[in-house]
Amino acid sequence: MRSRTAEWFECKIRYEKVMEDGMQKRVTENYVVDALSFSEAEERIIEEMSSYISGEFDVIDIKKASYKEIFFSDDDMADKWYKAKLQFITIDEKTEKEKRSTVNYLVQAGSFNGAVKNIDEVMGGTMIDYVTASVSETTLMDVFEFKKTEKKDDKPEYEQ
């Protein structure tokens with residue numbers, strides 16, 4: 001497991017997909033990209049999807065994701081994405097009352113139980129007291145991270 005903190009954008013793509021029976025169907029799929037702005041997110045999703053989709057497609061929606069951190073799994077069977085809502089527990093020193101702050105994460109796993117296990121694996125290494133408030137499967141197809149590459153002339157180039 002590894003985690004990555006970034007500015008994430010959820011993008012919806014609509015295109016004609018060839019189904020298993022050979023028929024074409026108009027589908028809408030959700031993806032996540034790592035970007036600094038809406039325009040960069042649009043550019044990145046178009047570039048990423050161009051290699052997967054033959055034909056035309058439309059970016060029909062882009063919105064900032066409600067999570068800043070994603071937990072990636074190394075398991076080949078981890079093909080689903082789960083949205084996890086964690087509550088961090090702190091004690092107010094003045095009032096001595098328990099305070100909970102909620103944070104959303106995106107977790108890659110093969111099953112619901114796998115998502116809970118992955119959350120515990122990442123968060124177990126921290127000193128923070130937390131409660132898993134909810135875990136739900138999303139409709140996300142994939143997550144595209146920003147990757148830095150080197151050009152032949154050793155000047156850094158950023159792969160989208």
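Predicted model: local features only at pLDDT ≥ 70, side-chain atom pairs only at ≥ 80, totals over all residues.
Me: How do the rings of Phe 72 and Trp 81 sit against each other?

Reply: Their centres are 5.8 Å apart. Planes over 60 degrees apart count as edge-to-face. The planes here stand at 85°, so this pair is edge-to-face.

Me: Which residue joins Phe 72 and Trp 81 in a cluster?

Reply: Ring pairs tie these two into a cluster with one further residue.

Me: In what order do the strands of the open sheet run?

Reply: The open sheet is made of 4 strands, and its pairing is mixed. Strand 4 (57–64) and strand 9 (140–144) each have a single partner strand, so they stand at the edges. Reading across, the order is 4-2-3-9.

Me: In which sense do strand 2 and strand 3 pair, parallel or antiparallel?

Reply: Strand 2 covers residues 8–18 and strand 3 covers residues 24–34. One spot to look at is Glu 10, which stands opposite Val 32 in strand 3. Over 11 bridges, the sense of the pairing is antiparallel.

Me: Which helix packs on the sheet?

Reply: Look for the helix touching strand 2, strand 3, strand 4 and strand 9. Its direction makes about 140° with that of strand 4. It spans residues 38–50, and it's helix 1.

Me: How many residues apart are Tyr 31 and Phe 144?

Reply: These two form a stacked aromatic pair, 5.8 Å centre to centre with 25° between the planes. Both Tyr 31 and Phe 144 are buried. Tyr 31 sits in strand 3 and Phe 144 in strand 9, so the pair links distant parts of the chain, and the separation is 113 residues.

Me: How far apart are the end C-alpha atoms of helix 2?

Reply: Helix 2 has 12 residues (residues 112–123). At 1.5 Å a residue, it should span 16 Å. The model agrees with that, with the end C-alpha atoms apart by 17 Å.

Me: Why are the buried residues of helix 2 on the same side, and what arc do they cover?

Reply: The buried residues are Gly 114, Ala 115, Asn 118, Ile 119 and Met 123. The face turned away from them carries the exposed residues Asn 113 and Lys 117.

Technical notes. Residues numbered from 1 in each chain as written. Heavy atoms only, no water. Pairing = 2+ DSSP bridges. Helix = DSSP H or I, 4+ residues; strand = E, 2+ residues; numbered from the N terminus. Contact = heavy atoms within 4.5 Å. Axes fitted to C-alpha atoms, helices over the stretch in contact; angles between N-to-C directions. Expected span 1.5 Å × (residues − 1). Buried < 20%, exposed > 50% of the residue type's maximum accessible area, 1.4 Å probe, protein only. Phe/Tyr/Trp six-rings, centres within 6.5 Å; stacked < 30°, edge-to-face > 60°.
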